[in-house]
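Biologist: I would like to learn how to read a protein model. Can we go through one together?

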Amino acid sequence: MQLGTMDITARRNAYGRQLGSFTTTAEMKGVGKIPMVFIRTPYIIGASDNVKILA
């Protein structure tokens, strides 16, 4: 199913099982270091040239 909301390609459930969720601190453009939470969610494998990647 495609929603057509973002010009990206994603892989479903790329981060594995819910037990594999984790937190970290990483750089976000224009903001600095922020805490991030990674859960069982799609993984973006590609984005068009008009997409601005922030983190």
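Modeller: Start with the strands. A strand here is a DSSP run of E with at least two residues, and strands are numbered from the N terminus. This model is predicted. Read along the sequence, its chain follows the pattern β-β-β-β.

Biologist: How many helices and strands does the chain have?

Modeller: Zero helices and four strands.

Biologist: Where is confidence lowest, and where is it highest?

Modeller: Confidence is lowest in strand β1, residues 8–11, at a mean of 84. It is highest in β2, at 92. For the chain, the mean pLDDT is 82. Of its residues, 82% reach 70 or more.

Biologist: How do I read a pair of aromatic rings?

Modeller: Use the distance of the centres and the angle of the planes. This structure holds one aromatic pair. Phe22 and Phe38 lie 4.9 Å apart, centre to centre, with 10° between the planes. The pair is stacked, because planes under 30 degrees apart count as stacked.

Biologist: Which strands hold the two residues?

Modeller: Phe22 is in strand β2, residues 22–28. Phe38 is in strand β3, residues 32–38.

Biologist: What share of the chain is buried?

Modeller: Buried residues make up 4% of the 55 residues. The chain exposes about 5100 Å². Carbon and sulfur atoms supply 54% of that area.

Conventions
Residues numbered from 1 in each chain as written. Predicted model: local features only at pLDDT ≥ 70, side-chain atom pairs only at ≥ 80, totals over all residues. Heavy atoms only, no water. Phe/Tyr/Trp six-rings, centres within 6.5 Å; stacked < 30°, edge-to-face > 60°. pLDDT = per-residue confidence, 0-100. Buried < 20%, exposed > 50% of the residue type's maximum accessible area, 1.4 Å probe, protein only. Areas by Shrake-Rupley, 256 points an atom, 1.4 Å probe, with all protein chains shown as cover.
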